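Here's a quick tour of a protein model for anyone just getting started with structures. Have a look at it first, then we'll walk through a few spots together.

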Amino acid sequence: MPATRGSLSSGDNVARAMGVPLFDIRFDEGDREAVDRVLRSGWLTMGPRTEEFEEQFAAHLGVRHAVAVSSGTAALHLAFLAAGIGPGDEVIVPAITFVATANAVRYCGGSPVLADVGGQHDFGIEVADVERRISSRTKAVCAVHYGGYAAPIEELVEFCGERGIVLVEDAAHSPSATAPGSSRKLGGWGLAGAFSFFSNKVLSCGEGGLLATNDDSVAAFARSCRSHAMTSGTWDRHRGHAQTYDVVGLGFNYRIDEIRSALLSRRLPGIEADIEKRRRLVGIYREELSRISGVGFPYSDTDVSRSSCYIMPITVNEPSVRDRLRSVMRDRFGVQTSVLYPSIANFSAYSGTQVGSLAHSDLAARTQLTLPLFPHMSGAQQQAVIDALRHGLEATRGGEGENSFLQSN
Ligand SMILES: *Cc1c(COP(=O)(O)O)cnc(C)c1O
């Protein structure tokens, strides 16, 4: 049975207004208590809760340092600055990623160089294409672990190491995920890894991010620059650890607050269980989708077992049906989908940045769609998505378009 088209039946929950939203988030009493404790403490900005969360996250990831910041974008910016990116420098990034990956290079005055992704089976950056795009100005490569699936990280570590190029990881999708043949978590392989705690991410608090690193000087740099390169913070001064401060560089306000740190601390221990639920749902999707002609999905079942399963990406065999399929799924069945991602090469602000072919990225951008996925998704919701996809594909094949559906509504 198709999901009923949404009205705001569950009070003020905006995400549930759709029949099946792309993403949904739930907080429990413990989350609310964690936030309430901060409010009652009277100390709102970066302080003991943030320190506690950083220690917890560093231990969870298996890295020496975790520096919490205001967003994943801020973490990327600090990572590229720490890598020494400045005017004239090039950083190779995949064309299929959130625009923040490339924007953060530009914040430093550097130039993002778009590289292709692996293909319809793999949306991670392709090492052979990275190699083709190396120039005398290449200073870093950024690996994005698309959807929580490892980019070819071991190869990239070796590739960059041999050439004296810095490797940065955009780990916004991939907390707790690992690479093939290793138990080492993603985000801890490069000079620095950037995580995002944006509301729809695997670990979320609304807005927030974190830079992970094993390098002491990168960590010190990030700690300093997240708060205007001041030699002491308000929490230090509050505790009497410092009377005054010096400003030793050009920093930013990339601080996180205690409310969000407390929420992240409270939620971090639960993410393994959440990811297990995501993997189970992805397994069901993959099994069901394998019986539907006209669609495919990237990665293998073993890749799923190592992934954080941030999203459920699929591809349509015929690019021309993609947008109509999405409209039918939304309008007729109330199922929300998304495209992760349009190719960065096609954004106005990036026009002229494409050099040579980005064939796999172009195809991915034209054929990819993302299905609803969240840990507490019910069997009925998932079945509604699969039914909507099946019927939507039939409708687009039969030439039956949005109009006839709209009329039948
Ligand atoms: C979400 C995201 C970011 C940016 O994180 P924010 O916390 O939203 O700033 C960067 N890269 C990728 C791949 C993302 O998905």
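Let's start with a pair of side chains: Asp-31 and Arg-267 meet in a salt bridge, with 3.0 Å from N to O. The term stands for a side-chain nitrogen of Lys or Arg within 4 Å of a carboxyl oxygen of Asp or Glu. Asp-31 sits in helix H1 (residues 29-41) and Arg-267 in helix H9 (residues 258-267), so the pair ties together parts that are 236 residues apart in sequence. Helices (H or I, at least four residues) and strands (E, at least two) are DSSP runs, numbered from the N terminus.

Keep in mind that this is a predicted model: local features need pLDDT of at least 70, side-chain atom pairs count only at pLDDT 80 or more, and totals for chains, interfaces and linings use all residues. Residues are numbered from 1 along each chain as its sequence is written, and side-chain values use heavy atoms, with hydrogens and water left out.

**Salt bridges**
- Side chains of opposite charge can pair when their charged atoms come close.
- The count for this model comes to 26 salt bridges.
- Between domain 1 and domain 2, though, the count is zero.

**Two domains**
- The chain is assigned a domain 1 (29-270) and a domain 2 (271-408), with bounds that come from an automatic or database domain assignment.
- Their C-alpha centres lie 27 Å apart.
- Contact (heavy atoms within 4.5 Å) takes 47 residues from domain 1 and 41 residues from domain 2.
- The two domains bury about 3,500 Å² between them, 57% of it on carbon and sulfur atoms; buried area is the accessible area (1.4 Å probe) that two parts lose on being put together, summed over both.
- In domain 1, Gln-120, Tyr-149 and Val-202 lose the most area to domain 2, together 21% of what that side buries.
- Across this interface, 29 residue pairs are in polar contact (both at pLDDT 80 or more). That means a pair of N or O atoms within 3.5 Å; within protein, one must be able to donate a hydrogen and the other to accept it, and residues adjacent in sequence count only if both atoms are side-chain atoms.

**Around the ligand**
- Of the 17 residues around the ligand, Thr-73, Asp-170, His-173, Ser-196 and Lys-201 come nearest, where "around" asks for a heavy atom within 4 Å.
- A ligand oxygen is 2.7 Å from an N or O atom in the side chain of Ser-196.
- For the side chain of Tyr-341, the distance from one of its N or O atoms to a ligand oxygen is 3.2 Å.

- The peptide bond from Leu-340 to Tyr-341 is cis, with omega near 10°.
- Tyr-341 is in the loop between helix H12 (322-333) and helix H13 (359-367).
- Ser-176 has a positive phi of about 75° although it is not a glycine, and its place is the loop between strand S7 (166-170) and strand S8 (192-196).
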